[in-house]
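Please keep the sequence and the three-dimensional view at hand while reading.

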Amino acid sequence: MAEASYPEDLKYHAEHDWARIEGDQATFGITWYAQDALGEVVFFDPPEVGTQVSRDQAYAEVESVKAVSDVFAPLSGEIVEVNETLADSPENINADPYGDGWMVKVRLSDPSEVDALMDVAAYRELL
């Protein structure tokens with residue numbers, strides 16, 4: 001299990017998802033808080049590459065020993081890559097939620113949506 005952390009370079013969504021913005025693309029995952037609340041993750045059901053996702057809408061499911069939970073898109077766009085290693089190693093979501101546990105990469109359709117996300121200080125206040 002990873003140590004509690006919230007990297008400064010990420011943007012955060014109220015549903016405990018994060019986005020790492022790189023130009024017109026973003027990498028999405030769930031925060032340390034979310035994976036901790038879920039408990040041991042045993043399955044990740046990703047969307048297909050090419051799927052359009054919309055901000056604040058569920059785009060995938062994570063199954064833990066406790067429950068099945070939706071994963072929400074912090075931003076809108078098209079899925080351009082899925083973290084295929086999670087099919088065999090869903091525990092990476094617990095072990096390294098900001099590294100090997102990333103979920104999808106998205107080509108952003110509306111980069112201005114980034115302004116609606118929280119920085120790390122605002123996210124910590126939410127917690």
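Asp 56 is placed in the loop between β5 (52–53) and β6. The coordinates discussed here belong to a predicted model. The backbone of Asp 56 has a phi near 75 degrees, a positive value in a residue other than glycine. The side chain of Asp 56 meets that of Arg 55 in a salt bridge, with an N to O distance of 3.9 Å. Asp 56 has a relative accessible area of 39% and is therefore partly exposed. Arg 55 is likewise described as partly exposed, at 31%.

A positive phi also occurs at His 16, where the angle is near 70 degrees. His 16 belongs to the loop between β1 (11–13) and β2 (17–22). Is His 16 buried or exposed? Its relative accessibility is 18%, and residues under 20% are classed as buried, so His 16 counts as buried.

In general, the strands of a sheet pair through backbone hydrogen bonds. Within the sheet, β2 and strand β3 (residues 25–30) are paired in the antiparallel sense over six bridges.

How many salt bridges does a search of the whole structure find? The search finds three. One of them joins the side chains of Arg 20 and Asp 9, at 3.8 Å from N to O. This pair links distant parts of the chain, with Arg 20 in strand β2 and Asp 9 in the segment before β1, 11 residues apart. Asp 9 has a relative accessible area of 54%, and it is therefore classed as exposed. Another salt bridge is formed by Arg 107 with Glu 78, whose closest N and O atoms are 3.7 Å apart. Because Arg 107 lies in strand β9 (residues 104–108) and Glu 78 in strand β8 (residues 77–82), the pair ties together parts that are 29 residues apart in sequence. Arg 107 counts as partly exposed, at 38% relative accessibility. Glu 78 also counts as partly exposed, at 28%.

Attention now turns to β4, β6 and β7. Strand β4 (residues 41–45) and strand β6 (residues 58–64) run antiparallel and are joined by four bridges. In this pairing, Phe 43 stands opposite Glu 63 in β6. β6 is also joined to β7 by five bridges, and these two strands run antiparallel as well.

Which residues gather in a patch of negative charge on the surface? The patch is made up of Asp 45, Glu 61, Glu 63 and Asp 70. Of these, Asp 70 is located in strand β7 (residues 68–72). Asp 70 has a relative accessible area of 43% and is partly exposed; it can belong to a patch because patches are made of residues with over 30% relative accessible area and no salt bridge.

A nonpolar patch is present on the surface too. Val 42, Phe 43 and Val 65 form it, with about 260 Å² of accessible area together. Val 42 is a residue of strand β4 and is partly exposed, with a relative accessible area of 38%. Phe 43, which contributes to this patch, is the residue that stands opposite Glu 63 in β6, and Glu 63 in turn is part of the negative patch.

Terms used
Residues are numbered from 1 along each chain as its sequence is written. This is a predicted model: local features need pLDDT of at least 70, side-chain atom pairs count only at pLDDT 80 or more; totals for chains, interfaces and linings use all residues. Side-chain values use heavy atoms; hydrogens and water are left out. Patches are made of residues with over 30% relative accessible area and no salt bridge: like charges are joined within 9 Å, nonpolar side chains (Val, Leu, Ile, Met, Phe, Trp, Tyr) within 5 Å. Accessible areas come from the Shrake-Rupley method with a 1.4 Å probe; for residues, only the protein chains shown count as cover. A salt bridge is a side-chain nitrogen of Lys or Arg within 4 Å of a carboxyl oxygen of Asp or Glu. Lys and Arg count as positive and Asp and Glu as negative; His and the chain ends are not counted. The place of a charge is taken as NZ of Lys, CZ of Arg, CG of Asp or CD of Glu. Buried means under 20% relative accessible area, exposed over 50%, partly exposed in between (1.4 Å probe, protein chains only). Two strands pair if DSSP finds at least two bridges between them.
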